[in-house]
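Here is a friendly walk through one protein chain, meant to be read with the structure open beside you. We begin with confidence and overall layout, then move to the sheet and a few loop residues.

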Amino acid sequence: MEKAYLVKLLKDKELQVTPQRLAIFERLVDRKDHPSAEMIYSELTHEFPSLTLVTVYNTLQKLEASGLCCKVNPLHSAARYDGNLDAHMHLICSNCEQVLDLHNIPFSVKLPHALADEFEVRSHRVNLFGLCKTCQAAAAVAAARRRRRSRPGGSRVPPRRRLSAGRTG
């Protein structure tokens, strides 16, 4: 996205435009991998040696509070952020925490009539959790290994027969 447009978005939300804040916002909207604060921080420290991780976290929180980004998976160990505010869903791998965008899938929420009078839906987020292709393959390999090990006569060494006392042969 053009820098001038990002500056306008920040000003429209009455956020102070600083070189660091603009760089953080720029990194966020230009990426498709839903970065964490730590990822953005590590990319910008060479450009801004005085940048702190706290500054990145604070900036991302202000951007989120202003509606300029959103947290994708706050349930995982590190929050991930999305600068794409177009309507879309997220596919989140429960194993490796990869986040993929899912666009152009129609989705609507219709509340039951009893709740429609009590609550007005203004926005929604849909996160679908599962396993990405890489983690599915790894899980299949692990399951196959477990099956081989537990199969009678599989890779296990057969137990030795003991002869009882008084018997030979």
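This is a predicted model, and the mean pLDDT of the protein chain is 86, with 86% of its residues reaching 70 or more. Among the elements of the chain, helix 4 (residues 53-65) has the highest mean pLDDT, 97, while helix 5 (residues 113-116) has the lowest, 83.

**Overall layout**

The protein chain holds six helices and five strands. Of the 169 residues in the chain, 28% are buried. The accessible surface amounts to about 12,200 Å², and carbon and sulfur atoms account for 53% of that area.

In general, strands of a sheet pair through backbone hydrogen bonds, either parallel or antiparallel. Here, three strands make an open sheet in the order 4-3-5, and the pairing is mixed. Strand 4 (99-102) and strand 5 (127-130) are the edge strands, each pairing on one side only. On average, neighbouring strands of this sheet are turned by 25 degrees against each other, direction ignored.

In which sense does strand 3 pair with strand 4, parallel or antiparallel? Strand 3 (residues 89-93) and strand 4 run in the antiparallel sense, and four bridges join them. Leucine 91 sits opposite leucine 100 of strand 4, and isoleucine 92 has valine 99 of strand 4 as its bridge partner. These two strands form a hairpin with five residues between them. Within that turn, glutamate 97 has a positive phi of about 70 degrees.

With strand 5, strand 3 pairs in the parallel sense, again over four bridges. On this side, histidine 90 stands opposite asparagine 127 of strand 5. Strand 3 is also mostly covered, with four of its five residues buried.

**Loop residues to look at**

| Residue | Relative accessible area | State |
|---|---|---|
| Histidine 34 | 2% | buried |
| Arginine 31 | 16% | buried |
| Threonine 52 | 37% | partly exposed |
| Asparagine 104 | 75% | exposed |

Start with arginine 31, which lies in the loop between helix 2 (19-30) and helix 3 (37-44). Why does arginine 31 count as buried? Its relative accessible area is 16%, and buried means under 20%. The side chain of arginine 31 makes a polar contact of 2.5 Å with the side chain of aspartate 33. Leaving aside neighbours within four places in sequence, arginine 31 is in contact with Met39 and Glu43.

Histidine 34 belongs to the loop between helix 2 and helix 3. Histidine 34 counts as buried because its relative accessibility is 2%. Its backbone deserves a look too: histidine 34 has a positive phi of about 55 degrees although it is not a glycine. For background, most residues other than glycine have a negative phi.

Asparagine 104 also has a positive phi of about 55 degrees without being a glycine. You will find asparagine 104 in the loop between strand 4 and helix 5. Is asparagine 104 buried or exposed? With a relative accessible area of 75%, asparagine 104 is exposed.

Finally, threonine 52 has its place in the loop between helix 3 and helix 4. At 37% relative accessibility, threonine 52 is partly exposed. Its side chain joins that of threonine 55 through a polar contact of 2.9 Å. Threonine 52 and tyrosine 41 are 11 residues apart along the chain, and their C-alpha atoms are separated by 7.4 Å.

Note on methods: Residues numbered from 1 in each chain as written. Predicted model: local features only at pLDDT ≥ 70, side-chain atom pairs only at ≥ 80, totals over all residues. Heavy atoms only, no water. Buried < 20%, exposed > 50% of the residue type's maximum accessible area, 1.4 Å probe, protein only. Areas by Shrake-Rupley, 256 points an atom, 1.4 Å probe, with all protein chains shown as cover. Polar contact = N/O pair within 3.5 Å; in protein donor to acceptor, adjacent residues only side chain to side chain. Contact = heavy atoms within 4.5 Å. pLDDT = per-residue confidence, 0-100. Pairing = 2+ DSSP bridges. Axes fitted to C-alpha atoms, helices over the stretch in contact; angles between N-to-C directions.
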